[in-house]
Structures are given as C-alpha cells and as structure tokens.
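Hello,

Here is the structure I promised to pass on. Have a look, and then read on for what turned up in it.

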Amino acid sequence: MLTVIISGLAIGMLYAATALVYNVMYSTSKVLSVTTGHIAMLGGVFGAWFVTTLHLPWGLGLLGGIAVGAAFGWFTEVLAIRRVLNRGDDHLWLLSTLALATMVQQGVALWWGTEPKPFPRLFAQDFNSGVLDQKFWLPISIAVLMALGLELFYRRTMYGKLFMAMSEDAFAARARGVSTDRIRLMSYVLSGALGGLAGFAAGQLTFAYFALGLTLTLNGFIALAVGGLGSNVGALIGGAALGLLNAFASYWFGGEYQQTIAVGLLMVVLLVKPEGLFGSQKVRPV
Amino acid sequence: MTNFSFLLGRNQLALALGAIMVASLPWWAGNQYQLHLAALICVYWILISGLNLVIGYTGQLSIGHVGLLSIGAYAFAILAGKMGWHPALALVVAGALGGICGLALGLPSLRLPGFYFAMTTMAFALIVNELVLAQGNLTGGGIGLPGPIFPAPLDSPKGFYYLAAGMALLVTWLSWNLVRRIWGLGLMAIRDNPVAAQAVGVPLFRVKLMVFVFSGITAGVAGAMFASLQSYITPDTFVFELSLFFFVCIVIGGRGSIIGPFLGTVILTAMPELVAPLAKLGHFFYGLLLLVVVLVVPEGLGRVFELLLERLRPRPEQHQAIEPDLPRLARAIKEQG
C-alpha cells in the first residue's frame, strides 16, 4: 500500500512540475503551450544521452539537460510565440505550439528511437530499497523545491515582480516601462530550464521515452486545471491528487483505465469548480 | 465565402469537369494502388468535410477526431464482421454511434474555452485507444480485427471507390448546403466573435453542438469505410498523429472554405505515398508544414492562390474620358461678353 502511495505521489509530482512549467509560461504570455510536456521529455532523453552515451558525470548531464530545456524554451518563444502573439489572433498559438511539439516528438523518435530506454542511476543505491528508492524521492523533492523556489523568486526578486506585473496586466506593465518582450523571453527560458530539470529528475521513473511529452502535456494540464490556473500551490495539490488517483485506480482496477480516470477527474472539477481548487475567479472579459 | 467568385461564369464548367474526372478515375488510374489511394482520399474527405465545419467554420479546434474515426471503424468491424450484420446496416449504425459519441463528447467539452477544448478532445482520442486495448475480447485488443468488405458489386476496388466517392459527394453537398445559407454565416460569426454572434441571436452552444454531432456522424461513417478499405484495423492504426493529419489538412487548405481543405486532403494524402523520402519523415513533415503555414500564411494556402490570382488578373481599367462641352463653353463666354 505504501508503495502505491509513494509511486503515485512521485508520478503526480512530475505532473505537478509540468503544471509549474505551464504556470511560468502562462504568467507572462497567457499562452498554454502544447510543448510543455516535451520540454521535460527533452530533459530526460538528453540527460540519458549525456550520461549513458557520452559518459559524462551526472552533474554535467543534469546541466546539459537543463541547458537543452532552456534552449528549447528560447526556441519556442522566438519561433512559435512571438510572431503569433504580435499578430493577435488568439487561437494561433495553439496551432504553432502544437506544430512545434509534433516536430520535436517526431524528431526525437527518428533520432533516439521509439523504444523507451533506461535512464542511468544517479546515486549509488541498492535496487531493493523499496519506497526509499531515488526514482521516487527525486521527482517529489524537485517538484517541491521548484514550487518553493518559484514562490521566492516571485516575491523576493525584481524580475519575479516583473513577471507578476506582467501576469496581472501586461499592457499596464508595458506602460510603466517594462520590456515585456524580454520578460516573456526570459520566462520561456526559465520554464525550459525548469522543465528540463523536472524531466531529468524523473528520468528513472519514466525512462527516456519520446512519447512521454504528449502524456505529460495532457496530465500536467489536468493537474493545472484541477489545482487552478496560475496557482503554484494548486499545481502541487492537483498533481498529487492526479498521481494518487491514478495509482490507486490501477491498484484496484488494473492499469488499463488510467487516462479515462484522469480525464474524469478533470471533467468533475471543471463542472463543479471551473476555476480549479486554488484558481482566482476572474471576471470574464467581454 | 465565395472565395472563388471570379470563377462564377466558369463554375458550372469546373464542376462538370471535376465530376467527369471523379467518375472516370478507375479508367485512367495507373494501377490498383492509385485507385486504393483515391478511395482513401475519399474516406478521409468524408471525415474532414465534417470536421471542416467544426474547425474551419466554427473555429473549435478539435484535435481528437481520430477517436470518433476509431469508434466508427470498430463498430463496423464488430457488427458486420463478428455479428454478421449486413454491412450497409452496420455502416448506418457506425455513423449513428459516431454521432452519439460526438454528442457525449461535445456536451461537456464545447462549453470550454479553446485550449481546454483541444485538450479534452485529445484526451478523448487517447481514452478511446485505451478502452479498445482494455476491452480485448470485444475489439481484439492489440491484435486487432479484420474489416469486413461490402457485398458485390461493391467488393472490387472499383466498386468500393464509387461507394466512397458517392459518400464523399453526399457529405460535401450536405456541408456546402449548410455553409452557404444563414447557418454558415452563424458558424463563422461564432468563430470570429462569439460575443457578437450571441448578441445577434445565434444560439452559441446549440449550433456548436449540432455541428459537432454532424462531424461525429461523418467520422463514424468514415471509420466504417476506413475499416473496410484497410481490411484490418488495430489500435496502432488510430494513433493521435492521424488526428493531427486531419487538422493540418484543414488549416493548410484555409479556414472557411470547402475547396481549400479538399485540396489539402488530396495533396497531403497523396504526397507521402508518391514521394518516398517524405514517408520516412512521416509526421515530422506534417508538423513542419503546419508550423510554416501558421507562421507565414495563417489564412491557409487557398489565400496564397487568391492573392496570386488577384495579382495576375488585369484590373479593369476605368475609362472616363473627359469631353469638353464646347457649345456650352461658347454660350458662357458669350453671356459674359
């Protein structure tokens, strides 16, 4: 039973980390990027490539994974977000990020192969350590650290306050002299780095697998919608709830209905409390 | 909507020419494989012309129609294959089932804003695949099911092609009827400005739901034809990327027209089959194409042709020669003098 809880919590925290990445991008651009899960996938795949194939020490592999994620975040903003937001059609970003996500996923499939490959172990640890295994506590602690770090960043630093200002009202922030384009680019690089970190930390749980991106995009979004768009605490709670629900559902009913149950949770929350558990109820602009 | 209104005089001619080409295709198609390809295009078009109303006209970005296609295909394969129903009856039931599932999917999800809707439909496609795998004794699980063929004279490739082309024409006619009347204007109003549409009395949710259910029916019918055409279906046939393919066909062709997505379907279906290196790149190519179109011509390739034609067509020059009215001038001078 404890194993079920811990493994559910671990995968749930990966979803939570993906939801945090969504939040960082959403705060400055009001865009929910389809590429979010693919950032974490890149972190995992490139981490495995750096450590297993290139035989780098895992610290360098981690830095490499983060760098790849950050570069991809930068690339996303420059290629798929900037022009589209300038054009002002509110649906186009969905198309452009979807296109980019497909390209990345298929590119990785062509280069890395379509089979999940094992992720190297980072610390020397016995394989029989059960619930204390590093593949469980790594994603959990990383997600919690990410949430705490983001909270500190938003409250204590000047750039964090600029992010907050942009998320409140980008137009007013621009009028007060904030370079909104640069802040948006920064937020994408930051979210890319965080996504790469999350994907690297959870690599042993998920394996280095090209199709992970789409699953994470969907489940991270469900965690985000359940917890409330824009709320970091909500992302953690939503991720944990989703992970635990999935784990218990596969414990009781078998693993075939995971996606159905996850979407069921999303539907129930959206019907009962459309803004999510911790979301702010905004007035709908007309 | 009348994007090609300059063809108005030649419209009838183009239509007749197209009909002759479609009808005579089995005679000039080089081999059986090209006929199969043409039938596949027709089957895809049955789904896409329904989906075009949802994406192109109403602006609801559904990326999960492969789930409805899969439902239609499995319903047809189970009913006509396992239970031995008549294929025509199974085809009708598959369409109805697609419509019902479209209703079940549309009822909660069409209330959601853009990204939420897209994610819900995507999740629907994943759920359908999951259920197909889970219900192994009904659907054959990962092994799949044989797709039954239609009785004679529709069992030959030529016969099946005519069936598919006929269905495609029927669906095109239905959707064309819808978009050229006030319904189509209502749909486009919802796409361009939902608040304004509501203000002038378009029942937002009901119209969206109706169009979505229609697209569900066409997807179910297309699924049944697809199962029969491919002769064997597995869950791997209905990957999420197929959904993306439908989506790209419409976006590339241009939103808010019928001929554009049709050309998109023909080109995108035929191109990877005829140009071998593209087949290896597979879905990467679709992603790239979508990105280029969205960044460069978000209105779709149809718009490019329109612009080119506008540039090429000589503009009617305005001749307004000014003739001096000499007698009047003479009179005026005389009066002054």
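In which loop of chain A does A:F207 lie? A:F207 sits in the loop between α9 (203-206) and α10 (212-227) of chain A; helices here are DSSP runs of H or I with at least four residues, strands are runs of E with at least two, and both are numbered from the N terminus.

Before more detail, a word on the basis: this is a predicted model, where local features need pLDDT of at least 70 and side-chain atom pairs count only at pLDDT 80 or more, while totals for chains, interfaces and linings use all residues. Residues are numbered from 1 along each chain as its sequence is written, chains are lettered from A and ligands numbered from 1 in the order written, and side-chain values use heavy atoms, without hydrogens and water.

Chain A has a mean pLDDT (the predictor's confidence in each residue, from 0 to 100) of 87, with 97% of its residues at 70 or more.

B:S231 lies in the loop between α10 (204-230) and β2 (232-233) of chain B and is partly exposed, at 41%.

Finally, A:Y251 lies in helix α11 of chain A and is partly exposed, at 46% relative accessibility.

Best wishes

Conventions: Buried < 20%, exposed > 50% of the residue type's maximum accessible area, 1.4 Å probe, protein only.
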